[in-house]
Amino acid sequence: MSAYRTIVVGTDGSDSSLKAVDKAAALASDAGAKLVIACAYYPADPKDIESAQDALREDAYQITGSAPTDEILRTARERAHAVGPVNVVERAIVGAPVDSLLTLVDEVEADLLVIGNRGLNTLTGRLLGSVPSDAARKSTCDVLIVHTVR
């Protein structure tokens with residue numbers, strides 16, 4: 001039996017992050033662990049949404065407040081349950097992804113943080129940091145970076 005009792009996985013609704021949810025759900029199911037699915041978001045001012053959507057294009061779903069977050073969490077929960085029997089808790093958290101995930105890890109006393117590798121091997125990720133690399137560097141628990149994008 002695994003030493004993992006509580007697993008946190010972060011998702012932003014992207015295909016990459018949902019692959020990380022699948023992997024975390026499989027681990028949680030195998031270990032009989034609780035799976036905490038988290039989605040970080042920033043509350044948005046309606047005046048700023050339109051210009052941000054133009055700039056972000058396909059990533060615009062990340063800036064429109066908590067309604068998309070609820071849908072992202074529902075989709076992730078359904079994917080987790082499709083993998084196998086797993087005790088799932090959903091958490092919408094306000095703030096930057098890395099800081100929010102790490103605060104949640106400490107709050108729920110997680111043994112493992114699971115995240116996708118999106119942004120890890122990009123030039124921007126190397127220069128400015130990425131969620132996977134920053135989380136792995138700062139986490140107080142084990143971190144599994146799932147290879148979700150090539």
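Me: Which elements are included in what covers the buried residues of α4?

Reply: A word on the basis before the case: this is a predicted model, in which local features need pLDDT of at least 70 and side-chain atom pairs count only at pLDDT 80 or more, while totals for chains, interfaces and linings use all residues. Residues are numbered from 1 along each chain as its sequence is written, and side-chain values use heavy atoms, with hydrogens and water left out. As for α4, the cover of its buried residues includes β1, β2, β3 (87–94), β4 and α6 (131–138). Helices (H or I, at least four residues) and strands (E, at least two) are DSSP runs, numbered from the N terminus, and buried means under 20% relative accessible area with a 1.4 Å probe, protein chains only.

Me: Which residues of helix α4 are buried?

Reply: In general, an α-helix has 3.6 residues a turn, so residues three or four places apart point the same way. Here, helix α4 (residues 97–107) buries Val98, Ser100, Leu101, Leu102, Leu104 and Val105, and just after α4 comes Glu109, with a positive phi of about 55°.

Me: What is the order of the strands in the sheet?

Reply: Strands of a sheet pair through backbone hydrogen bonds, either parallel or antiparallel. In this model the sheet is open, with 5 strands in the order β3-β2-β1-β4-β5 and parallel pairing, where two strands count as paired if DSSP finds at least two bridges between them. At the edges are β3 and β5 (142–146), each of which pairs on one side only. β2 and β3 are joined by 8 bridges, and Tyr41 has Val94 in β3 as its bridge partner. Helix α4 packs on this sheet, touching β1, β2, β3 and β4 (contact means heavy atoms within 4.5 Å), and its direction makes about 135° with that of β3; the axes are lines fitted to C-alpha atoms, for helices over the stretch in contact, and angles run from 0 to 180 degrees between N-to-C directions.

Methods
Buried < 20%, exposed > 50% of the residue type's maximum accessible area, 1.4 Å probe, protein only.
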